[in-house]
Amino acid sequence: MQFGNDKSRIIRGLAIILMVTGHSCPGKIIPFAVPLFSFLVGYGYEFAKTRDLRHAAKRIWHLLAHFWFILLGICLPIAIFYTHYKVSVEQVVMNMFGLWGGLNYYCWYINFYIMAMLSMPFISRVIDRYGWRGLMPMLLCSGGAYWALVTFPQMPYYSFASRFIRYFQFMPIVMAAYWLAHYKVFSHLDIKPGKKILIASVVAIVVLYIFRGIPYAKIADFAVVPLFAASVALLCDSAEAFSITVSKVYGWVKIALTDLGIKSMHIWFLHALFFTASTKTLFKFMTPVLGNPVVRVLVILLASWFLSVCTMKLYSLLSGSVSRLHGIIKTRLRLV
């Protein structure tokens with residue numbers, strides 16, 4: 001079984017749909033989006049050319065640059081000029097690093113990603129050297145720290161503690177995913193796609209998804225999420241090799257999910273416009289349309305997708321202009 005960029009993008013697309021649906025209809029679906037994104041963070045880390053702090057800094061900057069473009073270019077202007085939201089420079093800086101969410105409510109992932117990337121050089125070295133013998137103690141320590149913070153009276157309500165709670169909650173998934181990628185576990189699974197595998201994959205996806213909704217089941221995320229990702233990958237392979245009708249339908253679904261997966265990072269931060277206090281009043285005129293849950297999900301998803309198309313294009317143009325300007329300056333400095 002192969003698990004490459006094509007499957008990663010499909011899972012990202014599925015995850016962003018689950019995220020938008022979960023935020024649009026709170027309490028209606030089982031939260032599973034962030035665990036899937038965490039899995040892809042760990043799995044993708046294995047394919048880095050260098051796994052050191054310099055690479056971590058590059059990955060962090062890549063996320064920050066895109067987020068800051070949305071935060072400072074869209075969220076902040078709406079808050080200042082439209083909703084007249086009072087915000088200080090200190091709060092803006094805190095929002096830029098995911099430490100406060102007044103301008104973009106779902107920015108907390110920034111803080112988690114920074115912590116994850118800074119710790120992965122050490123974690124990856126331990127796993128590279130000791131394999132599962134190094135992985136298991138780190139999973140136990142991370143799980144123990146998470147439950148200690150969650151069960152300690154009042155601890156989850158402190159902002160500084162909530163950052164570590166999320167770190168210790170999702171890092172076991174990141175670590176397990178890296179171990180799977182490093183030791184090529186998926187590649188060693190010789191499972192031929194077919195009708196039986198397709199049915200089994202669908203059943204596994206449903207069962208794992210429902211299991212995730214059981215209280216305290218998240219402690220098993222380090223195993224459940226990889227199994228879910230593997231089931232999605234097997235489903236994709238089997239759907240492609242199935243009948244002409246099924247393969248055609250899957251082809252359209254694949255295109256849609258892949259496109260959403262490519263734009264998932266921007267959609268993540270852009271759909272926050274509909275839920276953040278400083279920006280959501282901009283969409284007050286849409287209240288009658290957003291009354292129906294299904295329509296609400298579709299409208300917010302499509303609107304976020306459209307905005308992501310625009311912001312990604314603008315970001316690409318801006319980064320290209322900056323690169324060209326940087327090249328011109330370097331050339332002139334050499335001539336001097």
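This is a predicted model: local features need pLDDT of at least 70, side-chain atom pairs count only at pLDDT 80 or more; totals for chains, interfaces and linings use all residues.
## How H1 and H2 pack

Two packed helices are described by the angle between their axes and the distance between those axes. Here, helix H1 covers residues 5-24 and helix H2 covers residues 33-45. Their axes sit 8 Å apart, at an angle of about 155°. Anything over 145 degrees counts as roughly antiparallel, so that is the label for H1 and H2. The crossing of this pair is left-handed.

Which residues of H1 and H2 meet? From H1 come Ser 8, Ile 11, Arg 12, Ala 15, Ile 16, Leu 18 and Met 19. On the H2 side, they meet Ala 33, Val 34, Leu 36, Phe 37 and Leu 40. Sorted by class, this contact has 10 nonpolar residues, plus one polar and one charged.

Side chains of opposite charge can pair when their charged atoms come close. You'll find six salt bridges in the structure. One of them pairs Lys 7 with Asp 237, and their closest N and O atoms are 2.9 Å apart.

This pair ties together distant parts of the chain: Lys 7 belongs to helix H1, while Asp 237 belongs to helix H9 (residues 221-240). The two are 230 residues apart.

## Bridges around H9 and H10

Glu 240 and Lys 254 also join in a salt bridge, with an N to O distance of 3.2 Å. Glu 240 lies in helix H9 and Lys 254 in helix H10 (residues 244-262), and the two are 14 residues apart. Glu 240 has 44% relative accessibility, so it counts as partly exposed. Lys 254 comes in at 23% relative accessible area, which makes this lysine partly exposed as well.

Next up is the bridge between the side chains of Lys 263 and Asp 259, at 2.6 Å from N to O.

How values were computed: Residues are numbered from 1 along each chain as its sequence is written. Side-chain values use heavy atoms; hydrogens and water are left out. Axes are lines fitted to C-alpha atoms, for helices over the stretch in contact, and angles run from 0 to 180 degrees between N-to-C directions. Helices (H or I, at least four residues) and strands (E, at least two) are DSSP runs, numbered from the N terminus. Angles under 35 degrees count as roughly parallel, over 145 as roughly antiparallel, 65 to 115 as roughly perpendicular and the rest as oblique. A crossing is left-handed if the near helix is turned anticlockwise from the far one by less than a right angle, and right-handed if clockwise. Contact means heavy atoms within 4.5 Å. Ala, Val, Leu, Ile, Met, Phe, Trp, Tyr, Cys and Pro count as nonpolar, Asp, Glu, Lys and Arg as charged, and the others, Gly among them, as polar. A salt bridge is a side-chain nitrogen of Lys or Arg within 4 Å of a carboxyl oxygen of Asp or Glu. Buried means under 20% relative accessible area, exposed over 50%, partly exposed in between (1.4 Å probe, protein chains only).
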